[in-house]
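Welcome! Please have a look at the picture before reading on.

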Amino acid sequence: MGFLLLWSCGHKASNESASGNAVLQAPDGSFALKMDKATCYSDLINPSSNTAEWDVVVSKPGRFKVWLSSATKDTTNLSYINSVKIALLDNLLEVTPEPDRVVLNSKDVSYPYYQTDSYMGSFYISDPGEYRIQVISEKVLSKEARENGSGNPDNTKLMSLMLTPMTR
């Protein structure tokens, strides 16, 4: 059994209710789930099971495209060792991220990094309410590890998860 460690990816853990730290849906219906706002669980023996999670409040249900945003030095090869798993309710997306789009002049990264977004699939949320979203990947790192580059030999960092509403 691996040694599990709980830490916050960017803020102190609290005893508040889940809704006290929940991410609210933007007016355009999207969600931007940043790693530094996630609660993280790390397995030091098996990093492929590292988990980041966010509580989100959905006010406008529907189908959402799911994008994973990475900071990378190589926009042709993101170097994820294992597939990334994204879970919401009983739905699971499992995809090895590919560079689907490069965001030019991103304010979220600085040279020598580039922001690359990977399309992961879609989720359908039928009702308004509070939900928990999880990302499981070896790229889930603590804030300290992200800042000093430890645990990141291939220079690709998981930055955020974005959910955007689908329209017909």
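## Starting with one arginine

Is R101 buried, partly exposed or exposed? R101 counts as partly exposed because its relative accessible area is 37%. Here, buried means under 20% relative accessible area, exposed means over 50%, and partly exposed lies in between (1.4 Å probe, protein chains only).

Before we go on, a word on the source: this is a predicted model, in which local features need pLDDT of at least 70, side-chain atom pairs count only at pLDDT 80 or more, and totals for chains, interfaces and linings use all residues. Residues are numbered from 1 along each chain as its sequence is written, and side-chain values use heavy atoms, with hydrogens and water left out.

## Salt bridges

Side chains of opposite charge can pair when their charged atoms come close. A salt bridge here is a side-chain nitrogen of Lys or Arg within 4 Å of a carboxyl oxygen of Asp or Glu. The whole structure holds 4 salt bridges. One of them joins R101 and D117, with 3.2 Å between the closest N and O atoms. R101 sits in strand β9 and D117 in strand β10, so this pair ties together parts that are 16 residues apart in sequence. Strands are DSSP runs (E, at least two residues), numbered from the N terminus. D117 is buried, as its relative accessible area is 2%.

Another salt bridge is formed by K34 and D108, whose closest N and O atoms are 3.4 Å apart. K34 belongs to strand β3 (residues 31-34), while D108 is in the loop between β9 and β10 (114-125), so the pair ties together parts 74 residues apart in sequence. K34 is partly exposed at 32% relative accessible area, and D108 is partly exposed at 49%.

## A charged network

R132 and E53 also meet in a salt bridge through their side chains, at 3.5 Å from N to O. This pair links distant parts of the chain: R132 is in strand β11 (residues 129-136) and E53 is in strand β5 (residues 51-58), 79 residues apart. R132 is partly exposed, with 42% relative accessibility, whereas E53 is buried, with 9%.

Which residues are linked with E53 in a network of salt bridges? The network consists of E53, D55 and R132.

## Strand β5 and its partners

Strand β5 is mostly covered, with 7 of its 8 residues buried. Two strands pair if DSSP finds at least two bridges between them. β5 and β11 pair in the antiparallel sense over 8 bridges, and A52 stands opposite V135 in β11.

Strand β4 (residues 39-43) pairs with β5 in the antiparallel sense too, over 3 bridges; here C40 has A52 as its bridge partner in β5. Strand β2 (residues 23-24) pairs with β5 in the parallel sense over 2 bridges, and the bridge partner of L24 in β5 is V57.

Finally, V102, L104, Y111 and Y114 make a nonpolar surface patch of about 490 Å². Patches are made of residues with over 30% relative accessible area and no salt bridge; like charges are joined within 9 Å, and nonpolar side chains (Val, Leu, Ile, Met, Phe, Trp, Tyr) within 5 Å. Accessible areas come from the Shrake-Rupley method with a 1.4 Å probe, and for residues only the protein chains shown count as cover.

V102 has its place in strand β9 (residues 101-103). V102 counts as partly exposed because its relative accessibility is 38%.

How values were computed:
Helices (H or I, at least four residues) and strands (E, at least two) are DSSP runs, numbered from the N terminus.
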